[in-house]
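Have a go at each one before you read its solution.

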Amino acid sequence: MGYAFLTDIVLLLGASIPVVLLLRRVELPPLAGFLVVGALLGPHAFGSIQSVHEVEELAEIGVALLLFTVGLEFSLPRLFLLRRALLVGGGAQILGTILVVTVLGMAIGVDGKTAVLFAFLAALSSTAVVLKTLADEGEIDTPHGQMSVAILLFQDLAIIPLLLFVPLLGDADASAGIAAFLFASLKAVLAVAFVLLTARYGFSRVATVVVRRGGRELFTLFTVFIALGAAWLTETLELPLALGAFVAGLVVSESEYNHQVVDEILPFRDVFSALFFVSIGMLLDVRVFVDEPLATFALFAGFTSAKAAVLFGVAMYLSRSRRVAMLVAASLFQIGEFSFVLAQQARSVGVLGGANEQRFLAVAVLSMRVTPFVIRLAAQRARRSDTEGEHDRSHEG
């Protein structure tokens with residue numbers, strides 16, 4: 001078992017390198033490459049991976065470290081500066097997308113609970129893909145870039161209540177499901193309070209001792225311990241492990257060692273996150289694109305168009321600029337990496353599986369793959385419109 005598992009890990013990592021390099025040449029993010037590798041080597045294609053369950057368990061470390069680093073990226077001053085776009089824009093986008101996609105799903109015959117789950121999955125955008133593309137285009141500090149960042153931050157925060165709500169969709173008894181949700185929420189509040197108090201009053205003191213006496217190696221070990229320890233605590237309480245990891249990162253972000261923690265944790269996060277997205281890719285049956293091409297593209301067009309329409313309306317209300325609204329919608333229309341975390345939670349409680357899971361994975365992968373091109377196309381159109389407007393104004397003058 002140990003040899004087979006090691007063989008699988010070497011195969012997955014080794015295959016990821018050329019695939020990611022190839023996709024980078026066509027300006028696609030590494031995440032898309034990991035999904036492709038998982039889909040090709042997984043049980044639905046070549047079936048090269050034998051230890052699928054073990055890979056999925058190892059990938060959970062990637063989820064914890066991913067949410068830990070998200071917490072590290074938050075800061076109260078940053079949130080305050082973006083407060084209107086974050087609270088109003090992010091909140092309206094999440095609620096609006098959930099409402100519109102739920103209605104759309106039920107209109108095409110999807111049952112209510114599945115439609116709500118699809119709406120949850122569609123409401124989240126890809127922080128990794130969007131920020132990378134905006135950075136490459138030099139547009140993060142533009143009005144639409146800042147609004148996109150604010151909405152992405154709200155989405156990252158929204159993953160926690162959504163994770164807590166998903167098990168409610170799998171409960172046939174509505175009253176029992178609500179009671180379970182309330183109990184889970186109470187446990188979450190207590191767990192968060194414990195992590196906050198422990199990290200706030202203990203982290204800096206212990207970190208100071210570790211840095212002064214243990215050196216870099218021990219500090220790296222201590223950092224990983226904090227991230228995984230908080231995840232273990234919430235998992236032990238039958239809560240999403242992402243919750244503890246995120247809160248721990250949020251607290252550490254306010255300490256004097258936050259930049260050092262980021263430097264130490266990023267290499268671990270990147271490797272284990274790669275395994276997480278590879279494990280998600282292994283769930284995708286590539287035959288869905290061949291067997292149901294029209295249905296797959298129709299779902300893709302329907303859900304992403306609905307989300308883009310909500311984003312356009314929200315951004316238009318906030319900015320009063322058609323140009324900004326168009327660029328925000330083009331940037332955030334896709335399904336994001338945290339949707340996979342949400343889908344994993346839904347799968348573990350029996351809410352997502354079979355054909356519905358394959359449809360979600362196909363639409364998610366497709367939306368991520370076209371995002372860089374859609375952003376660039378929208379930016380080119382906006383620049384052309386600006387040029388035409390200036391030309392018209394010069395003629396009027």
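A residue counts as buried under 20% relative accessible area, as exposed over 50%, and as partly exposed in between. Keep in mind that this model is predicted.

**Exercise 1.** Work out whether Phe165 is buried, partly exposed or exposed.

*Solution.* The relative accessibility of Phe165 is 26%, so Phe165 counts as partly exposed. Phe120, in contrast, has a relative accessible area of 5% and is therefore buried.

**Exercise 2.** Describe the geometry of the ring pair Phe118 and Phe303, and say where its two members lie.

*Solution.* Start with the rings: their centres are 6.0 Å apart, with 70° between the planes. Planes over 60 degrees apart count as edge-to-face, and that is the class of this pair. Next, place the residues: Phe118 is in helix α6 (residues 112-123) and Phe303 in helix α13 (residues 293-319), 185 residues apart. Finally, check burial: Phe118 is buried at 9%, and Phe303 is buried at 8%.

Phe120 and Phe165 are also edge-to-face, with centres 5.6 Å apart and planes at 70°. This pair joins helix α6 to helix α8 across 45 residues of sequence.

**Exercise 3.** Determine how helices α8 and α10 are oriented to each other, and which residues meet.

*Solution.* The axes of α8 (residues 143-169) and α10 (residues 241-252) come within 10 Å and cross at roughly 150°. Angles over 145 degrees count as roughly antiparallel, so α8 and α10 are roughly antiparallel. The crossing is left-handed. From α8, Leu157, Ile160 and Leu163 meet Ala242, Leu243 and Phe246 of α10. The contact residues comprise 6 nonpolar, no polar and no charged.

Conventions. Residues numbered from 1 in each chain as written. Predicted model: local features only at pLDDT ≥ 70, side-chain atom pairs only at ≥ 80, totals over all residues. Heavy atoms only, no water. Axes fitted to C-alpha atoms, helices over the stretch in contact; angles between N-to-C directions. Helix = DSSP H or I, 4+ residues; strand = E, 2+ residues; numbered from the N terminus. Parallel < 35°, antiparallel > 145°, perpendicular 65-115°, else oblique. Left-handed = near helix turned anticlockwise from the far one by under 90°. Contact = heavy atoms within 4.5 Å. Nonpolar A, V, L, I, M, F, W, Y, C, P; charged D, E, K, R; others polar. Phe/Tyr/Trp six-rings, centres within 6.5 Å; stacked < 30°, edge-to-face > 60°. Buried < 20%, exposed > 50% of the residue type's maximum accessible area, 1.4 Å probe, protein only.
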